[in-house]
Amino acid sequence: MIIRKKIKTASTYALIGLSALVLSGCANKAVVSYGDAQAVETTDINFGSTDLQKVASQMTDSLLSSPVVGTMTANKRPVVFVERIKNKTSEHIDTESITDSISTQLLRSGKFRFVDMTRVEAIREQLKFQNEDALVNPTTAVAFGKQIGAQYMLYGNLSSIVKSNADKSDVYYKFTMRLMDMESGLVEWADETEIRKTKEKSTFGW
């Protein structure tokens with residue numbers, strides 16, 4: 001009788017332990033969901049998606065609304081080379097994403113055309129293959145020296161100033177862009193936008 005009670009008690013404990021493990025597994029299960037890509041991101045104080053969207057949108061709007069650019073694009077679509085934004089902050093920021101967003105929005109406007117310098121080596125290799133390899137029909141090969149050169153260069157910098165103490169952190173970002181005439185060297189347009197983000201220590205910690 002005592003042995004049966006011990007076996008029953010052991011089985012009960014085993015079932016309780018198994019149930020606890022199952023419940024623990026359910027509680028720790030990750031849930032994946034989609035969010036709004038345009039929603040304001042406040043995960044931390046660092047440069048994030050909201051900041052990227054803000055600077056790209058403001059710079060594009062400023063460039064397209066410029067009277068000088070309006071005259072420049074009135075009867076033609078200038079060819080532009082977009083240099084990758086220089087990151088002068090202490091953070092690791094994917095500035096290529098900012099460059100891509102700006103060039104995409106400008107291309108959608110229908111006022112500009114672009115040359116993609118990030119693909120120059122790939123194009124050179126393809127042209128070399130077409131013109132030198134016996135596998136390619138010479139009548140269909142794209143000849144060297146036919147590409148259109150850029151008339152303008154769009155370039156910019158992203159810099160920051162970070163201040164912090166025991167109770168507060170503050171980061172200031174400044175994003176500057178310029179459009180240069182590559183023949184004359186004259187800067188035809190320039191603008192900048194600023195972002196300030198503050199993080200304060202709460203009663204329960206950061």
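This is a predicted model: local features need pLDDT of at least 70, side-chain atom pairs count only at pLDDT 80 or more; totals for chains, interfaces and linings use all residues.
Local features here need pLDDT of at least 70, side-chain atom pairs count only at pLDDT 80 or more, and totals for chains, interfaces and linings use all residues. Residues are numbered from 1 along each chain as its sequence is written, and side-chain values use heavy atoms, leaving out hydrogens and water.

**View 1. Helix α4 and its buried face.** Helix α4 covers residues 95–108 and reaches 20 Å from its first C-alpha to its last. Its buried residues (under 20% relative accessible area, 1.4 Å probe, protein chains only) are T95, I98, T99, I102, S103 and L106. Looking down the axis, you find them within an arc of 120° (taken from the directions from the helix axis to the C-beta atoms), so they line one face of α4. Among the partners they pack against (heavy atoms within 4.5 Å) are α2 and β5. After the helix comes G110, with a positive phi near 80°.

**View 2. Helix α2 and its neighbours.** This helix has 17 residues and reaches 24 Å from first to last C-alpha. Its buried residues include L52, V55, M59 and L63.

**View 3. The ring pair F47 and Y173.** Ring centres within 6.5 Å make a pair, and planes over 60 degrees apart count as edge-to-face. Here the centres are 5.4 Å apart and the planes at 75°, so F47 and Y173 are edge-to-face. F47 sits in the loop between α1 and α2, while Y173 is in strand β5, 126 residues apart. Both F47 and Y173 are buried.

How values were computed: Helices (H or I, at least four residues) and strands (E, at least two) are DSSP runs, numbered from the N terminus. The expected span of a helix is 1.5 Å times one less than its number of residues. Buried means under 20% relative accessible area, exposed over 50%, partly exposed in between (1.4 Å probe, protein chains only). Rings of Phe, Tyr and Trp (its six-membered ring) pair if their centres lie within 6.5 Å; planes under 30 degrees apart count as stacked, over 60 as edge-to-face and the rest as tilted.
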